Amino acid sequence: MIDGRRFVGELALIARAAENGRTELLAPRPGYFRAAPQEGALFAPGMVLGELEVLGARFRLIVPAGAQGAVVALPEGRRIARRAVQHGERLVTLDPAAVVGASASAAEQRGAAGAGLAFRAPMSGRYYAKPGPDAEPFVKVGDVIETGRTIALLEVMKTFNRVQYGGASVPERAKIVAIVPKDGDDVNGGDPILALEPA
């Protein structure tokens, strides 16, 4: 799968601890911040949060290790298509507690699939079970998976984000008993992707 836009690389966002367990993500360089996420969007380490245009070159902005949660605060309280930022300027604030709330709300709405142990989509996007049309799927029913294993791709705004297993709501090690979405399905943040049982 190829993202047709011209990117010259990736930059890790700078994480800064904030009040109430929240994390502020800061610009790693001066430039123009583009493709800002919406409030409520969920992010985990390794995901692409937006783009930074530096002297005409575009870099994908990567959520660093240890930072996760839902976007709860945007500078100026709204999304701006292209905003000039300085090094170290706050781009978004993530709240990990909001992820728990979002997941719980989704589970209440989704019946049996949401009632058991499940790994849920950290954000909305198009689900891909394998890295390419002719490739093997990342995981299959019966696999025992551990924290950090890639289980799928989620396409958001033509950007493919690796989804890695883990989080406070699932054990470090689990067995896959069902894969809920089909390849190419659109999923919402909080939708179950894997039904699990302890391994």
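## Close-up views of a predicted protein chain

**View 1. The whole chain.** The protein chain contains 2 helices and 18 strands. The model is predicted, and the chain has an average pLDDT of 81, with 83% of the residues scoring at least 70. Of the 199 residues, 42% are buried. The chain exposes about 10200 Å², and 50% of this area comes from carbon and sulfur atoms. Among contacts between residues at least 6 apart in sequence, 64% link residues at least 24 apart.

**View 2. Confidence along the chain.** Mean pLDDT is lowest among the elements in helix α2 (residues 111-115), at 41, and highest in strand β13 (residues 144-146), at 95. Two stretches with pLDDT under 50 are shown here. Over residues 1-5 pLDDT stays under 50, and the model gives this stretch 15 contacts beyond four places in sequence. Residues 100-115 also stay under 50, with 11 contacts beyond four places in sequence.

**View 3. The largest nonpolar core.** This core has 43 residues, and Phe 119, Ile 151, Leu 194 and Leu 196 have the most contacts inside it. Strands that each supply at least two of its residues include β5 (42-43), β6 (48-54), β7 (57-62), β8 (69-73) and β10 (90-95), as well as β14, β16 (173-179) and β18 (192-198). In soluble globular proteins, nonpolar side chains tend to be buried together.

**View 4. Surroundings of Ile 151.** Leaving aside residues up to four places away in sequence, Ile 151 touches Phe 119, Ala 129, Phe 138, Val 139 and Ile 145, along with Val 163, Tyr 165, Ile 193 and Leu 194. Of these, Phe 119 and Leu 194 are, like Ile 151, among the residues with the most contacts inside the largest nonpolar core.

**View 5. An open sheet of 4 strands.** The strand order is β11-β18-β16-β13, and the pairing is antiparallel. Strands β11 (118-120) and β13 form the edges, each pairing on one side only. Neighbouring strands in this sheet are turned against each other by 45° on average, direction ignored. Glu 146 has Arg 173 in β16 as its bridge partner.

**View 6. Strand β12 and its partners.** Strand β12 (residues 125-128) pairs with strand β17 (residues 186-187) in the antiparallel sense over 2 bridges. Here Gly 125 has Val 187 of β17 as its bridge partner. Strand β12 is also joined to strand β14 (residues 150-156) by 3 bridges, again antiparallel. In this pair, Tyr 128 stands opposite Leu 153 of β14.

How values were computed: Residues are numbered from 1 along each chain as its sequence is written. This is a predicted model: local features need pLDDT of at least 70, side-chain atom pairs count only at pLDDT 80 or more; totals for chains, interfaces and linings use all residues. Side-chain values use heavy atoms; hydrogens and water are left out. Two strands pair if DSSP finds at least two bridges between them. pLDDT is the predictor's confidence in each residue, from 0 to 100. Contact means heavy atoms within 4.5 Å. A nonpolar core is a set of buried Ala, Val, Leu, Ile, Met, Phe, Trp, Tyr and Cys residues joined through side-chain atoms within 4.5 Å. Buried means under 20% relative accessible area, exposed over 50%, partly exposed in between (1.4 Å probe, protein chains only). Accessible areas come from the Shrake-Rupley method with a 1.4 Å probe; for residues, only the protein chains shown count as cover. Axes are lines fitted to C-alpha atoms, for helices over the stretch in contact, and angles run from 0 to 180 degrees between N-to-C directions.
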